[in-house]
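Please read it alongside the sequence and coordinates shown here.

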Amino acid sequence: MTHDDLAAGPAATALYEMVVAHGTGDWTKAHAAAKAMAAQPITGHPASANLYRGAPAVAYILHTAGHRAYARALAELNAEVVAIVAHRLGAACRRMDKGIPPLLREYDLISGLTGLGAYLLHRELDQALTTVLQYLVRLFTEPLVVDGHQVPGWWAATGPSGTSVTGDFAHGHANFGVAHGVAGPLALLALARRAGHTVTGQDDALVTGITHLTTWAQPLKGGGTGWPECLPLDTFRQGPRPDAAPTRASWCYGTPGIARALQLAALALNDGTARRLAEHAALQAATDPRHTGQIADTSLCHGWAGLALTTERIAADAALPDLRGALLTLRDRLTTETQHHPAPGHTGLLTGAPGVLLTLHTLTTARPVDPEWETCLLLTQ
């Protein structure tokens, strides 16, 4: 764990304190947290720096803070982030030109170019964002061939762990989640389009992503619809199957996060059919004990906080009114779970107490939380 780690380190505390400071006007704790975050060297190496670690993570937090005290540091960090993006895009494009599958960390939200693109969108660094969007268009619209079979351009070269190349995942896998899979790039393309940032082929890429997710919206055993988390090549080739098992209602890999990505893409292209599918799937994930019964903690990544916050963002854009009623129940459940169970012991945003506290602050504050911080989850711009 390092001080500049947003996912699992104390940088998440800085983000929380800065969001709270906007409401209270007292920046004492926020400035102290910023100093703690910068107490050790901040990594800028392209191999390890990403939205959740190093210069991009610190830049994201300071930009979210929006305080003039950080203006100089933020300008320097922005230059680092743009250089990191250029380096990683160069490597990604060379890989694409060879027609070989990517590693998840090339393109995903947590470690890859989707996460870096989310920061560029958040910061409105238009020129660098354009290059990331162009890359994502290629990722969606240029299929690959693996073991003699055509697969999507985002097909991962390894298993879900990022290292396994044997057994079921000898030929890689299709990853559906918003944290590490196809839902992340799709959400970024959609959010960028809604904010007026477009490149050639972006709508085609969105259509391809929508088609993929609507095709793989599997009928669940006992009723309802959901998505697989990840699939090896043989299973992917067989296509969607009926009577799939319900999955955990999580932001990171589950139906809520995927449904939000599909909803955003549908809203960007005014696709009513895909929007209804996303919203109905989200409603079921939020209310069906077969999904919610698999939640084991309060965390943002895969716990009650993630489900509540994702459902809130879906409900805010939804034509389906039932989602608002479900949200009230989820808020109460999150509050109850937080009161009766220990907070996660980690200090990070995704699995630690800061993510839970940020969610509670966001959902229980009478007026909208300013600034919005959920771009790092691809729930909003």
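**Notes on the model**

1. The largest nonpolar core holds 132 residues, of which Met18, Tyr52, Trp227, Trp251, Leu349, Trp373 and Leu377 touch the most other members. A nonpolar core is here a set of buried Ala, Val, Leu, Ile, Met, Phe, Trp, Tyr and Cys residues joined through side-chain atoms within 4.5 Å. Buried denotes under 20% relative accessible area, exposed over 50%, and partly exposed the range in between, with a 1.4 Å probe and protein chains only.

2. On provenance, this is a predicted model: local features need pLDDT of at least 70, side-chain atom pairs count only at pLDDT 80 or more, and totals for chains, interfaces and linings use all residues. Residues are numbered from 1 along each chain as its sequence is written, and side-chain values use heavy atoms, with hydrogens and water left out.

3. Setting aside neighbours within four places in sequence, tryptophan 251 is in contact (heavy atoms within 4.5 Å) with Leu109, Ile110, Val178, Ala179, Gly257, Leu300, Cys301, Gly306, Thr310, Leu350, Leu377 and Leu379. One of these partners, Leu377, is also listed with Trp251 among the core residues that touch the most other members.

4. Threonine 255 belongs to helix H11, which spans residues 255–269. Helices (H or I, at least four residues) and strands (E, at least two) are DSSP runs numbered from the N terminus. Threonine 255 counts as buried because its relative accessibility is 1%. Beyond neighbours within four places in sequence, the contacts of threonine 255 include Gly226, Trp227, Thr247 and Arg248, as well as Ala281, Ala282 and Ala285.

5. Why is helix H6 (residues 113–123) described as largely enclosed by the rest of the structure? Ten of its eleven residues are buried, hence the description. Among the buried residues of H6 are Leu113, Gly115, Tyr119 and His122. The buried residues of H6 pack against helix H3 (55–65), helix H4 (71–98), helix H5 (104–107), helix H7 (126–141) and helix H8 (183–194). Glutamate 124 follows H6 and has a positive phi, near 60°.

6. The structure holds twelve salt bridges, each defined as a side-chain nitrogen of Lys or Arg within 4 Å of a carboxyl oxygen of Asp or Glu. In one of them, arginine 95 pairs with glutamate 106, the closest N and O atoms being 2.5 Å apart. This pair links distant parts of the chain, with arginine 95 in helix H4 and glutamate 106 in helix H5, eleven residues apart. Both arginine 95 and glutamate 106 are buried.

7. Aspartate 97 and arginine 138 form a salt bridge at 3.1 Å, N to O. The two residues lie 41 residues apart, aspartate 97 in helix H4 and arginine 138 in helix H7. Aspartate 97 is exposed, at 60% relative accessibility, whereas arginine 138 is partly exposed, at 23%.

8. Glutamate 374 and arginine 313 meet in a salt bridge at 2.3 Å, N to O. Glutamate 374 sits in the segment after helix H16 (353–364) and arginine 313 in helix H14 (residues 304–317), 61 residues apart. Both glutamate 374 and arginine 313 are buried. Elsewhere, salt bridges that share partners join Asp97, Arg138 and Glu142 into one network.

9. A search of the whole structure finds zero disulfides, a disulfide being a pair of cysteine sulfur atoms within 2.5 Å. The sulfur of cysteine 376 has its closest cysteine sulfur in cysteine 301, 12 Å away, which is too far for a bond. Cysteine 376 is buried at 0% relative accessibility, while cysteine 93 is partly exposed at 27%.
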